[in-house]
Amino acid sequence: MSEPNNHQVNEQSKIKDMEPFRQEVGEYMTTNQGVGISDTDNSLKAGERGPSLLEDFHHLEKMSHFDRERIPERVVHARGAGAHGYFQVYESMANYTKAKFLQDPSVKTPVFVRFSNVGGSRGSADTVRDVRGFSIKFYTEEGNYDFVGNNIPVFFIQDGIKFPDIIHAVKPEPNNEIPQASSAHDNFWDFISLVPESMHMIMWFLSDRTLAKSYRMIQGFGVHTFRFVNEQGKARFVKFHWKPLLGVHSFVWDEAQKLSGKDPDYHRRDLWEMIEMGHYPEYELGVQIIEEEDELKFGFDILDSTKFIPEELVPVIPVGKMVLNRNPDNYFAETEQSAFHPGRVVPGIDFSDDPLLQSRIFSYHDTQLYRLGANFAHLPINRPVCPVHNNQQDGFMQTNIKQGRTNYYPNSLGGGCPMMTPEGMSAFSHYSEQLEGNKVRKRSETFKDHFSQATLFWNSLTDIEKEHLVKAAHFELGKVQTLAIRERMVELFNQVDHELAKLVAKGIGVAAPTKAATENHGKSSPAVSMEKMKEKMEKSAKTRQVAILAADGVNSSQIMEMKELLKQAGVLPQIVSEFKGTIKSADGQEIEVNQTFLTAASVMFDAVYVPGGKQSVEMLVNKDDAIEFVHEAFKHCKPIAAVGEGVELLKQAHLKGVNFDKAGSNGKVHTDNGIVTSQNGSDMHSIGQKFIEAIAQGRFWSREQMEKKMVGV
Ligand code: HDE
C-alpha cells in the first residue's frame, strides 16, 4: 500500500472535520455524490398517477447501479466462501527458504482464505460431488504470497493447454446447460475415457474426498512441485500440504445429495457459524522437501501433477499453523473480489517446470484482468500490506492518486523513483535454473505412466472406501447414456485393477473384462486413506452437531443433563421438535426449541439423541418425520443415543440388526455399534460419555456392511 499523498491527507482531514457532524446526525441516506435523499420509495412523477420523470437522478442512479451489480463469476471455482485469519510458523524455516513470513515464530501473518467448489456456478449447491479449492492469500511484509491448491494432491491433466477442454467437458453441456454442478454426464466421461492421464485423479474424485463434510475438515495440497530457495541461493523442491486439526471427514453420497436440497449453503453456513461461535478452524502446514539431485529418483516425474509423492517416501515436515478467526464483513467486496494466483510468490518461493503450473501462471492474472479489471490489485482484499510503487497507471477504477510528473524509468526528474529494489532487500530474483532443449510441442517420456499411482490409491483404501468408490462410479457412469463411453471407462479401470473393473462393469451394464490388462503391483500408501488417517489421529467430538428430538412432556433432567455434557465436550446440541418456540418438560420447565422437523433434517447433524418422557416419546413415535430422522441417521452410520421411553422411538425406526432386548436393561448403559441406550437413565454421566465417544468415532460403517452388499467388494 502506498503512503497517503497530499490529496488523500486533505481528504482524510476533511472527513475528520465532518466527524462531529456525522455523529450528531447519524447515518442519513445520500446519493453516491453525497446529496441527501428524503424518499427512496416513490419515483418522481408528473402528477400522482402520471409518468416517471427522467430528471429523477436518484431513481436513475439507484437503478443503473443495480443493473451493474453482477460481475463475471469465476469460470471455475465460482462457488466459494472466505474467512480471515493468521498464519504462524512453529520454528524458522531459514535452512530451506528465505521467505520472511516463514522465519519468525512470534509473527502472525494475516491471511484471507477462500474455499470453493470447482464445477458449479456461483449459485450452485455446496455439497455436490466435487474437488474443493483451498486458496490462501498471505499478506506478508515482502508482498502477497498466494497458495492456490485443492483438497486432492493430484490433477486430471498434465499440461495446462488441456484445461479449457476438461472444464468444457465437466461444465453443463452447451446445448441445454444440463447438468449443473455435476460430473455425472456424457461429456465429462467421454473426455475422461479418452484421456488416460486423468485416471489417477479420477480414483480420488470417485472417493469420499469429493464429499467434503466441512471446509474445516479438508486437506489442502499445492499439487505442483514448487521450489524453496534459501538465503545462500540453494534451491530444493517442495510440496505443500495442509491438514485440518479436526481431521478429514466426508459425507456419504446419499447425505450429500439430500443436503443439496435441505441446505444448499451447508458449507458456507458451517464455516460462517463456527467462526461466529468462536470455534476457529485450524490447519497445519507441512512440507515435503526434495533435494534437486533426487528429482528423478522416484520412478515418476515430480513435475507431473498427476502424481503425488507418497508420505511414506518423503515425510511431511510440520511448518506452522493457520487459524481462521474472522468472517468477512461483506461477501462481494471480500470473497467475490478476492483474486488468487499461484504465480504470486515472494522471495524464497519459486516455481518448477511443471507444465500445468506454467500454464496457471498465465491464466489466473489474465482471468482476473477480465473479471475484475486492470486495477483489481487496489481492492482492499487484494492490496498488499507493504508499500507498492511502480509506474503502472490509469485504467478503469484507478484508485491511487499518484503525485509527481514522472511515470517512467529511468528518470531524473522524479529523483529516480521508484528505484530498483537492491539485492538483500526483499527483491525477487528468479531461481537461475539451468535450461537446455529443443523447442518442441511434446510430452516428456517420464510423464507416460498413467496407472501405477491410480492402482496405488486403490490398494490403499479400506474395504468400505473401496465400496463407496465403486458405488460412485456406478452413479456417475450410470448417468452416461452412451454405451461406448461406459465401455471405454471399464477398459481404463481394468488398467488400474482387474477386480475394480469387474465391480464397476457390473453396475453400469457393461460386460466385465475377462482378464487383467496389467498385474496389480500390490503397493500402497496408507496415508491417502481417510479412514486409516482417522485411526492415527486423536479422535475428537468437538464442533460435532447433535439433534435432540423432544416434545412436550420430555424428561427434563434427561434432556438438560445431556445437553450440558455435550457442551462440555465441545459438541453442539440443538433441540428439534414439531414447532418453533418452547416445549414444556414433564416437570413444567420451558425449554427452547432450536429447529423443527420442517427446518431441519437428520443429514444436518452428526448424531441424534432421544431423551425419555412418556408424552414426548408418544408424540415422536406418531410422527413420521421423527421416525425418518432416526432411521436416516442410522442409515448414514451415525451415533444414536436414547434413554428411558426414548428407546421406543429407536425401536419404531427399523434399525436393521439392532437387538433391543439387551438395550440397556437393568438401568445399565448398553452400547452396540454406535447405538447407546439406557432404559432408565439413572446414570446420565455414563450415557453422555459413551455417546460422546461414539460421536468422536464418527461413523459406524459396519452397518453398511450389514446391508445386502450390492457391489460385493
Ligand atoms: Fe485453477 N483456475 N486452473 N486450479 N483454481 C482458477 O482463476 C486454471 C488448477 C484453483 O478461490 C481461475 O481467478 C488453469 C489446479 C483454485 O479464487 C482460472 C489450470 C489447481 C481456484 C484457473 C488450473 C487449481 C482456481 C478461475 C490448469 C489446484 C479458485 C478464477 C493449468 C492446485 C481460486 C481465477 C479462488 C481458479 C485456471 C488448474 C486450483 C481460470 C488454466 C491444478 C483453488 O484462472
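The legends below describe close-up views of one predicted model.

The model is predicted, and local features need pLDDT of at least 70, side-chain atom pairs count only at pLDDT 80 or more, and totals for chains, interfaces and linings use all residues. Residues are numbered from 1 along each chain as its sequence is written, and side-chain values use heavy atoms, with hydrogens and water left out.

**View 1. The iron atom of the ligand and its donor Tyr364.** The iron atom has a single donor from the protein, the OH of Tyr364, at 1.8 Å. Donors are N, O and S atoms within 2.8 Å of the metal (3.2 Å for Na, K and Ca); water is not among the atoms, so sites may look incomplete. Tyr364 belongs to helix α9, which spans residues 355–372. Helices (H or I, at least four residues) and strands (E, at least two) are DSSP runs, numbered from the N terminus. A polar side-chain atom of Tyr364 also lies 2.6 Å from a nitrogen atom of the ligand.

**View 2. The shell of residues around the ligand.** There are 24 residues around the ligand, and Arg74, Arg114, Ser363, Tyr364 and Gln368 come nearest. A residue is counted as near a molecule or strand if one of its heavy atoms lies within 4 Å of it. By class, the shell holds 10 nonpolar, 11 polar and 3 charged residues. Ala, Val, Leu, Ile, Met, Phe, Trp, Tyr, Cys and Pro count as nonpolar, Asp, Glu, Lys and Arg as charged, and the others, Gly among them, as polar. At least two shell residues come from each of β3, β4 (143–150) and α9. Helix α9 gives the most, with 7 residues.

**View 3. Strand β2 with its partners β1 and β3.** Buried means under 20% relative accessible area, exposed over 50%, and partly exposed in between (1.4 Å probe, protein chains only). Two strands pair if DSSP finds at least two bridges between them. Strand β1 (residues 80–89) pairs with β2 in the antiparallel sense over 8 bridges, and Ala81 has Phe115 of β2 as its bridge partner. Strand β3 (residues 132–140) pairs with β2, also in the antiparallel sense, over 7 bridges. In this second pairing, Val111 stands opposite Phe138 of β3.

**View 4. An open sheet of 7 strands.** The strand order is β15-β12-β11-β16-β17-β19-β18, and the pairing is mixed. At the edges are β15 (595–596) and β18 (670–672), each of which pairs on one side only. Strand β12 (residues 572–577) runs parallel to β15, with 2 bridges between them. Val576 stands opposite Gln595 of β15.

**View 5. Cys386 and Cys417, two cysteines without a disulfide bond.** The structure holds 0 disulfides, a disulfide being a pair of cysteine sulfur atoms within 2.5 Å. The sulfur of Cys386 has that of Cys417 as its closest cysteine sulfur, but the separation is 17 Å and therefore too far for a bond. Cys386 counts as buried because its relative accessibility is 14%. Cys417, by contrast, is partly exposed, with a relative accessible area of 39%.

**View 6. Two cis peptide bonds.** Most residues other than glycine have a negative phi, and most peptide bonds are trans. A cis peptide bond joins Ile178 to Pro179, with omega of about -5 degrees. Pro179 is placed in the loop between α3 (163–170) and α4 (186–193). Another cis bond joins Cys417 to Pro418, with omega of about -10 degrees. Pro418 is placed in the loop between α9 and α10 (452–460).

**View 7. Asp394 and Ser426, residues with positive phi.** Asp394 is a residue other than glycine with a positive phi, near 60 degrees. Asp394 is found in the loop between α9 and α10 and is partly exposed, at 46% relative accessibility. Ser426 lies in the loop between α9 and α10, and its phi is near 60 degrees. Ser426 counts as partly exposed because its relative accessible area is 27%.

Terms used: Polar contact = N/O pair within 3.5 Å; in protein donor to acceptor, adjacent residues only side chain to side chain.
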